[in-house]
Amino acid sequence: MRLLTLLLIRLAAIVLLCLAVTVGWLIRDTYREIEADVAATSERMGQHLQMLHWQHIMSRMEWETLSTQSLISPGVCVTYGPPQRDVRTVCSQLEALGPLPPDWFSSAYMTLFGAHQPVQQYLSIREKDAGLVITYADQSASLRRAWHEISTVVRVSVLMAAGIALLAAFMIGHALLPANTIVEALHKLEDGWLRRPIGRFKSAEFNHIADAVNRLADRLQQTNAERLALTAQLFQVQEDERRALARDLHDEFGQAFAATSALAALIETNAPENRPDIAEDARSILRTQQQIMDTLRTTLVRLRSQSIEEVGLEASLRQLVSDFNRQTKAGTVYRLQIVSDLAELPKRAAIDVYRIVQECLTNASKHGKPSEVTVRLEIAGSIASELALTIEDDGGGDASRIQTSFGHGIIGIRERLAALGGAMSIVSGRQGIRITATVPLGASGLCA
């Protein structure tokens, strides 16, 4: 769940809780006000009726006069029966307190608080037979009054709560906008953008987060630069080791194979006529040695990169493709298309491109059964700013599986390209896999 949604839900819950508490407090306060009105009306009516009784005019006139009714609070009733008279009840403004409430409100109100208790008092303490005055709150009027006050306050409260919620949502959303910027910056870090991706915010807390992300970007940039430098150094050591190994293999095994060939030829020549098996063994040794020499020659081709320095990248690639065509056993045809002049490509980039092509062709021959593999190189860009390499085969395969592969070959290609500031993508072609690699030239200074 998004943080903004979570905060709004919590805000709504708090508003509803406050509204419920307010309604409860208001109902309780209304109940107490009604009881206070009943008590006050009882006090006023007792004094008024006692005065009429003392003046001996209660028997001569009706006590339900306008002056008497003005002493009764709205919604309150008074019941009194003078001596030798019928009991009479006077109520004040029962219908003027508002409409009747819904049944659910009436039930809840009566369940929580119950009916109001009447107040009873004798008209005269000395004369108990003077009559009993009963003051009570009319139940319907009490419900009308409570519903009127609560509905009014609730309407106002709901409108205020809605306004506050909208303003709070706007303010919270505006305050959380930097979070989107931080998330985008983290995505940039994930994609390799390491140039302090976040600016300053108005909030101190978000500034702390931005500073931490920027420090992380600086650290990653420094670490990445150190890693690339180390990778380039390791590749250089690897090339030096390849050269040394190729030289040792050529010098040591070459002489040994030459001596073995001469000895086998001598054995074949001097074999007795009655021992044809000896001559056949010598010829078998020569055939086995030739196979070993062919394998060694292929290994030397894979190890050595001196030819790139001697004849250039284009000629080396043509020789590489020719070797693959000669050695293939599955009938695969390897093609090379060089659109641009690669003579000015620096030594470091030339060696890495050669190794990348070599690794891709090896993978295509090992892990698939293509009938055709095409290698294309060209210097692209508006101002010849990058070298574009495309290798495509028709042997099928799952591009997504290769893209996420952790094999040493793919990792080595990625590391070589990263050291040159380039990038690689592996996608599905028309009938197989297409590998595309780009190496920046002018921006990285490779053409300098």
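What is the volume of the largest cavity? In this predicted model, the largest cavity has a volume of about 40 Å³. Arg145 is among the residues that line this cavity, and Arg145 also belongs to a network of salt bridges with Glu33, Asp37 and Glu149.

**Cavity**

- The structure holds one cavity of 30 Å³ or more.
- The lining of the largest cavity consists of Ile34, Pro74, Gly75, Val76, Leu97, Ala137, Ala141, Ser142 and Arg145.
- Six of these lining residues are nonpolar, two are polar and one is charged.
- Helix 4 supplies the largest share of the lining, namely three residues.

**Arginine 145**

- Arginine 145 is located in helix 4, which spans residues 139-175.
- With a relative accessible area of 15%, arginine 145 falls under the 20% limit and therefore counts as buried.
- Beyond its neighbours within four places in sequence, arginine 145 is in contact with Thr30, Glu33, Ile34, Asp37, Pro74 and Leu97.

**Salt bridges**

- The structure holds 13 salt bridges.
- One of them joins glutamate 149 to arginine 145, with the closest N and O atoms 3.5 Å apart.
- Glutamate 149 and arginine 145 are four residues apart in helix 4, so about one helical turn separates them.
- Glutamate 149 is partly exposed, at a relative accessible area of 24%, whereas arginine 145 is buried at 15%.
- Aspartate 277 forms a salt bridge with arginine 275, and the closest N and O atoms of this pair are 3.1 Å apart.
- Aspartate 277 is partly exposed at 36% relative accessibility, and arginine 275 is likewise partly exposed, at 38%.
- A further salt bridge connects the side chains of glutamate 314 and arginine 318, with an N to O distance of 3.1 Å.
- Helix 9 (residues 313-327) contains both glutamate 314 and arginine 318, which are four residues apart, or about one turn of the helix.
- Glutamate 314 is partly exposed, with a relative accessible area of 30%, and arginine 318 is partly exposed at 42%.

**Aromatic pairs**

- The structure holds eight aromatic pairs.
- One of these is a tilted pair formed by tyrosine 31 and tyrosine 109, with 6.2 Å from centre to centre and 55° between the planes.
- This pair links distant parts of the chain, since tyrosine 31 lies in helix 1 (residues 3-54) and tyrosine 109 in helix 3 (residues 103-113), 78 residues apart.
- Both tyrosine 31 and tyrosine 109 are buried.
- Tryptophan 104 and phenylalanine 105 form an edge-to-face pair, because their ring planes stand at 90°, with the centres 6.0 Å apart.
- Tryptophan 104 is exposed, with a relative accessible area of 58%, whereas phenylalanine 105 is buried at 5%.
- Ring pairs join Tyr31, Trp104, Phe105, Tyr109, Phe113 and Trp147 into a cluster.

How values were computed:
Residues are numbered from 1 along each chain as its sequence is written. This is a predicted model: local features need pLDDT of at least 70, side-chain atom pairs count only at pLDDT 80 or more; totals for chains, interfaces and linings use all residues. Side-chain values use heavy atoms; hydrogens and water are left out. Helices (H or I, at least four residues) and strands (E, at least two) are DSSP runs, numbered from the N terminus. Buried means under 20% relative accessible area, exposed over 50%, partly exposed in between (1.4 Å probe, protein chains only). Contact means heavy atoms within 4.5 Å. On a 1 Å grid over the protein atoms alone, a cavity is a set of points where a 1.4 Å probe fits but cannot get out, and a pocket is an open set with protein on both sides within 12 Å along at least five of seven lines; lining residues have an atom within 4 Å of a point. Grid points are joined across faces, edges and corners, and a volume is the space filled by probe spheres set on the points. Ala, Val, Leu, Ile, Met, Phe, Trp, Tyr, Cys and Pro count as nonpolar, Asp, Glu, Lys and Arg as charged, and the others, Gly among them, as polar. A salt bridge is a side-chain nitrogen of Lys or Arg within 4 Å of a carboxyl oxygen of Asp or Glu. Rings of Phe, Tyr and Trp (its six-membered ring) pair if their centres lie within 6.5 Å; planes under 30 degrees apart count as stacked, over 60 as edge-to-face and the rest as tilted.
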